[in-house]
Amino acid sequence: MAESDRTRARIEKAKGKAKETVGRAVGNERMTAEGRIEQSKGDARQAKEKAEDAFRH
């Protein structure tokens, strides 16, 4: 199950980066902000996974 959470975090970060890039390209500030938020969620999910791994070992 932990592997799917890691994958989900990577996908979330990638989607956020793509959304931010497209938002910048078309000049859409809202889309850019949403992309940054998705990246932050992915970062938080990855940090959670790393913390869980640290306590397991």
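How many positive and negative side chains does the protein have, and how far apart do the centres of the two sets lie? Hi everyone, let's start there. There are 15 positive and 11 negative side chains, and the two centres are 2 Å apart. Here Lys and Arg count as positive, Asp and Glu as negative, while His and the chain ends are not counted. Each charge is placed at NZ of Lys, CZ of Arg, CG of Asp or CD of Glu.

A quick word on the source. This is a predicted model, where local features need pLDDT of at least 70 and side-chain atom pairs count only at pLDDT 80 or more, while totals for chains, interfaces and linings use all residues. Residues are numbered from 1 along each chain as its sequence is written, and side-chain values use heavy atoms, leaving out hydrogens and water.

Now the overall picture. The protein has two helices and zero strands; these are DSSP runs, numbered from the N terminus, with helices being H or I of at least four residues and strands E of at least two. The C-alpha trace spans about 45 × 15 × 10 Å along its principal axes. As for burial, 23% of the 57 residues count as buried, meaning under 20% relative accessible area, with exposed over 50% and partly exposed in between, using a 1.4 Å probe and protein chains only.

Let's look at Lys 13, which sits in helix α1, residues 2-26. Is Lys 13 buried, exposed or partly exposed? Its relative accessibility is 28%, so Lys 13 counts as partly exposed. Setting aside residues up to four places away in sequence, Lys 13 touches Gln 39, Gly 42, Asp 43 and Gln 46, where contact means heavy atoms within 4.5 Å. With Asp 43, the side chain of Lys 13 makes a polar contact of 3.1 Å. That term means a pair of N or O atoms within 3.5 Å; within protein, one must be able to donate a hydrogen and the other to accept it, and residues adjacent in sequence count only if both atoms are side-chain atoms.

Across from there, Gln 39 belongs to helix α2, residues 29-56. Beyond its neighbours within four places in sequence, Gln 39 is in contact with Lys 13, Gly 16, Lys 17 and Glu 20. A polar atom of the Gln 39 side chain lies 3.5 Å from the backbone oxygen of Gly 16.

Last stop: Ala 51, also found in helix α2. Ala 51 has 35% relative accessibility and therefore counts as partly exposed. Its C-alpha atom is 21 Å from that of Ile 37, 14 residues apart along the chain. Thanks, everyone!
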